[in-house]
Amino acid sequence: MTRQAIVAANWKMNGDSALVDAMVSGMADVELASNVDVVICPSSPYLSALSQKINSAKLNEAINVGSQNVNEHDSGAFTGEISTAMLKDLNINYVIVGHSERRSIYKETSTQVAKKVQAALNAGLTPILCIGESEAERATEQTETVLSAQLQPVIDEVGIEKFSGVVIAYEPVWAIGTGKTASSAMAQETHQFIRQFLAQQNELVAAKVPLLYGGSVNAANCEELFAQADIDGGLIGGASLKAEQFKVICSAAKGK
Ligand code: PEP
């Protein structure tokens with residue numbers, strides 16, 4: 001079985017129209033292995049322009065646009081929020097759910113994250129479900145407990161079979177935006193734990209789910225990280241704001 005590799009760009013609250021243009025022209029000659037999808041997630045005001053510009057530039061069809069967030073409700077009085085239907089209307093097909101910044105700053109709980117994953121799947125969007133432990137949790141050997149507690153409510157909400165349509169991004173919180181990357185061995189060990197956790201509930205699904213690593217991935221460390229048996233690509237923050245760096249990272253990914 002081959003497993004899809006994915007490299008996703010999380011621009012967070014950065015970027016502008018000039019970055020949209022630079023990324024579209026920068027990605028024109030990107031070299032991607034087969035079984036690699038690229039997902040660029042700008043801030044919501046740029047979703048539509050990025051999607052249209054990727055189409056009109058006729059970029060590689062493996063290059064997709066994703067949202068950084070979505071609301072779990074279908075529609076209604078939720079000022080400032082984005083619905084799954086709006087994303088579908090803009091031909092967006094991926095959405096990041098449960099990023100650690102949403103969990104810590106906006107107090108999203110794993111129960112709410114589970115509802116967002118369900119809403120995304122119901123709408124035919126592919127959720128990129130983020131999980132990860134804090135530095136204190138790693139130091140006190142709680143990593144596996146924390147990851148299990150973040151995953152299980154989502155499995156309970158959507159059912160393990162539906163995880164064949166989910167991408168998981170393991171992002172140790174202490175490595176996000178800090179320049180501290182987990183060593184490739186540490187990242188692999190944790191990815192293997194996540195795959196085994198899923199396999200206890202459904203082996204076939206576990207073998208299929210792309211597991212991305214996120215946390216200070218850059219053009220210099222991506223190759224070693226992506227070479228690990230259970231790392232199927234990355235969720236990239238800072239290094240995704242420069243087309244030249246991001247392209248190198250995209251080209252390092254291979255389906256397994
Ligand atoms: C992220 O925003 O998900 C992320 C991993 O950021 P960075 O690559 O900058 O650590």
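Begin by selecting N64 and N93, whose side chains are joined by a polar contact of 3.2 Å (a polar contact being a pair of N or O atoms within 3.5 Å, where, within protein, one must be able to donate a hydrogen and the other to accept it, and residues adjacent in sequence count only if both atoms are side-chain atoms). Before going further, note that this is a predicted model, in which local features need pLDDT of at least 70 and side-chain atom pairs count only at pLDDT 80 or more, while totals for chains, interfaces and linings use all residues. Residues are numbered from 1 along each chain as its sequence is written, and side-chain values use heavy atoms, with hydrogens and water left out.

**Around N64**

N64 sits in strand β3, residues 63-67 (helices, H or I of at least four residues, and strands, E of at least two, are DSSP runs numbered from the N terminus). With a relative accessible area of 10%, N64 is buried, where buried means under 20% relative accessible area, exposed over 50% and partly exposed in between, using a 1.4 Å probe and protein chains only. Leaving aside neighbours within four places in sequence, N64 is in contact with D37, V38, V39, I40, N93 and Y94, contact meaning heavy atoms within 4.5 Å.

**The ligand**

Next, select the ligand and the 14 residues that surround it, of which the closest are K12, E171, G177, S216 and G237; a residue is near a molecule if one of its heavy atoms lies within 4 Å of it. By class, this shell has four nonpolar, eight polar and two charged residues, with Ala, Val, Leu, Ile, Met, Phe, Trp, Tyr, Cys and Pro counted as nonpolar, Asp, Glu, Lys and Arg as charged, and the others, Gly among them, as polar. An N or O atom in the side chain of K12 is 2.8 Å from an oxygen atom of the ligand, a polar side-chain atom of N10 lies 3.2 Å from a ligand oxygen atom, and a polar backbone atom of G238 is 2.8 Å from an oxygen atom of the ligand. On its own the ligand has 290 Å² of accessible area, and the protein covers 96% of that, as computed by the Shrake-Rupley method with a 1.4 Å probe.

**The nonpolar cores**

Now turn to the largest nonpolar core, which has 71 residues, and in which F163, I168, F226 and F246 touch the most other members; such a core is a set of buried Ala, Val, Leu, Ile, Met, Phe, Trp, Tyr and Cys residues joined through side-chain atoms within 4.5 Å. Centre the view on I168, which, not counting residues up to four places away in sequence, touches residues including L129, L151, F163, I194 and L212.

Select V154 in helix α7, residues 143-158, which is buried with a relative accessible area of 0%. Beyond four places in sequence, V154 touches A114, V117, L129, G159 and F163, and its C-alpha atom is separated by 7.3 Å from that of S110, 44 residues apart along the chain.

Move on to D232, which is buried at a relative accessible area of 1%. Its side chain makes a polar contact of 3.0 Å with the side chain of R3 and another, of 2.8 Å, with the side chain of R195.

C222 is found in helix α10, residues 222-226, and counts as buried at 1% relative accessibility. Not counting residues up to four places away in sequence, C222 touches V217, V248, I249 and A252. K247 lies in helix α11, residues 243-252, and it too counts as buried, at 12% relative accessibility; its contacts beyond four places in sequence are G26, M27, D29 and V30.

Finally, select N35, in the loop between α1 (17-26) and β2 (36-41), which has a positive phi of about 65 degrees although it is not a glycine, and which is partly exposed, with a relative accessible area of 33%. Then select K107, in the loop between α4 (100-105) and α5 (110-122); K107 is not a glycine either, yet has a positive phi of about 55 degrees, and its relative accessible area of 60% makes it exposed.
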